[in-house]
Amino acid sequence: MADFSQESAKRRMTYLWPGLVLSLVVFGVRLSGFWLNRTEMSPFWARFCRYIPLGAFTALVTASLSRPDSHLWAKLLAAGAAIALTFLTKKMWLGMLGGLGAFWLLLWLVA
Amino acid sequence: MMPLWLGAVPFALVYTAAARQAGINPFEIQLMSLTIFSAPLQLSLVSLGVAGASFLIMLGVTLTLTVQLVLYGLSLRQLIGLDRKQRLAAAYFLTDGAYALTVTQGTKASFAYLFGAELSMYFIWNAGTLGGLLLNGGLFDPAKIGADFVVPLTFLVLLVPMVRQRADWLVVGLCALGSWALGGLLPSGLLVLVIALLAGFLGAWLTSPRKARNAA
């Protein structure tokens with residue numbers, strides 16, 4: 001049944017306007033990196049940009065795998081398997097499948 | 001892309017369940033996915049809303065969780081030539097996953113590839129949100145099926161081929177130590193920004209021609 005009470009309307013308003021304003025903030029953040037002038041970069045800054053993804057990916061992986069978790073041991077072993085498979089075969093999809101497969105296998109073995 | 005899609009759906013279901021429990025109406029739940037398009041930020045905003053946080057706190061959290069996107073835009077601009085309309089379009093849908101997939105293309109990276117990756121993630125995230133709403137936001141724990149492992153695993157297999165020389169190993173090793181040390185102290189977006197900056201400066205210094213000549 002529709003709720004047209006003032007309390008309900010106030011709760012609805014609480015999320016709508018902050019959400020829309022914050023979505024503009026997020027778009028501004030996303031745009032700012034693209035909008036910097038594309039001047040010719042010095043060799044130092046060109047090498048700097050090359051290492052940004054290495055740092056970002058490392059941070060994303062490490063932060064995720066260092067949180068306390070009952071399955072952390074399985075994730076670490078599976079991550080090792082994924083690294084080895086990707087490095088040896090040079091095929092990322094094999095690394096993904098191998099890592100996920102190893103993780104589920106380990107969970108099943110201890111279940 | 002498929003691993004990232006598979007990783008996104010469970011989190012979309014978690015987001016809709018949390019948002020429904022918080023009393024947010026379905027229209028706003030979907031609108032947040034359409035306009036903010038960030039799983040960690042949307043989940044954080046729901047939690048902050050429930051806790052009665054002020055708008056200023058929400059704004060601070062928004063900036064710390066998304067600040068790494070500035071570096072992604074800068075990095076992509078060096079990789080791909082983008083006109084004004086392409087920059088606007090690419091910026092709206094930019095995520096960690098789309099960035100990761102595009103930079104691994106190297107010289108083959110293009111606006112078409114970037115935008116395709118971004119749009120596919122946008123579609124999956126919003127379809128997952130809608131699916132969660134239609135399922136009435138039933139409680140779902142991604143950890144139970146290992147879905148929370150898919151995203152870090154994807155970034156890991158993308159990282160391996162990028163590590164090609166000794167300097168790269170050193171940068172990754174030091175960044176991993178830094179992430180582990182700072183992980184509990186910094187919000188995720190700020191952590192990624194700090195570590196990415198560390199990697200940039202360290203890698204640029206280690207691979208400078210002067211350093212290479214001294215080493216020879």
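Q: Which residues does B:Leu193 touch, not counting residues up to four places away in sequence?
A: A contact here means heavy atoms within 4.5 Å. Leaving out residues up to four places away in sequence, B:Leu193 touches B:Val67, B:Gln68 and B:Leu71.

Q: What kind of model is this?
A: Residues are numbered from 1 along each chain as its sequence is written, chains are lettered from A and ligands numbered from 1 in the order in which they are written, and side-chain values use heavy atoms, with hydrogens and water left out. Local features need pLDDT of at least 70, side-chain atom pairs count only at pLDDT 80 or more, and totals for chains, interfaces and linings use all residues; the structure is a predicted model.

Q: Is B:Leu193 buried or exposed?
A: B:Leu193 is found in helix α11 (residues 188-206) of chain B. A residue is buried under 20% relative accessible area, exposed over 50% and partly exposed in between (1.4 Å probe, protein chains only). The relative accessibility of B:Leu193 is 16%, so B:Leu193 counts as buried.

Q: How far apart in space are B:Leu193 and B:Leu65, C-alpha to C-alpha?
A: In sequence, B:Leu193 and B:Leu65 are 128 residues apart. In space, C-alpha to C-alpha, the separation of B:Leu193 and B:Leu65 is 9.5 Å.

Q: What pattern does chain A follow along the sequence?
A: Helices (H or I, at least four residues) and strands (E, at least two) are DSSP runs, numbered from the N terminus. Chain A has 4 helices and 0 strands. Read along the sequence, the pattern of chain A is α-α-α-α.

Q: How many residues of chain B are in contact with chain A?
A: The chain A side of this interface has 62 residues. The number of chain B residues in contact with them is 89.

Q: About how much area do chain A and chain B bury between them?
A: The size of an interface is often given as the accessible area lost when the parts come together. Buried area is the accessible area (1.4 Å probe) that two parts lose on being put together, summed over both. Of the area buried between chain A and chain B, 76% is on carbon and sulfur atoms, and the total is about 6600 Å².

Q: Which residues of chain A lose the most area to chain B?
A: Three residues together account for 14% of what the chain A side buries. They are A:Tyr15, A:Arg30 and A:Phe34.

Q: Which residue forms a salt bridge with A:Arg50?
A: A salt bridge is a side-chain nitrogen of Lys or Arg within 4 Å of a carboxyl oxygen of Asp or Glu. A search of the whole structure finds 1 salt bridge over all chains. The pair crosses between chains, from helix α10 (residues 166-182) of chain B to helix α2 of chain A. With the closest N and O atoms 3.2 Å apart, the partner of A:Arg50 is B:Asp168.

Q: Which helix supplies the largest share of the side of chain A that touches chain B?
A: Each of α1 (6-35), α2 (43-65), α3 (72-89) and α4 (92-110) of chain A supplies at least two residues of that side. The largest share, 21 residues, comes from α2(A).

Q: Which residues does B:Thr62 touch, not counting residues up to four places away in sequence?
A: B:Thr62 is found in helix α4 (residues 55-66) of chain B. The relative accessible area of B:Thr62 is 0%, so B:Thr62 is buried. Not counting residues up to four places away in sequence, B:Thr62 touches A:Leu22, A:Val25, A:Val26, B:Leu41 and B:Leu45.

Q: What is the phi of B:Phe37, about?
A: Most residues other than glycine have a negative phi. B:Phe37, found in the loop between α2 (26-35) and α3 (39-50) of chain B, counts as buried at 5% relative accessibility. B:Phe37 is not a glycine, yet it has a positive phi of about 55°.

Q: Is A:Lys90 buried or exposed?
A: A:Lys90 lies in the loop between α3 and α4 of chain A. Its phi is positive, near 60°, in a residue other than glycine. With a relative accessible area of 67%, A:Lys90 is exposed.
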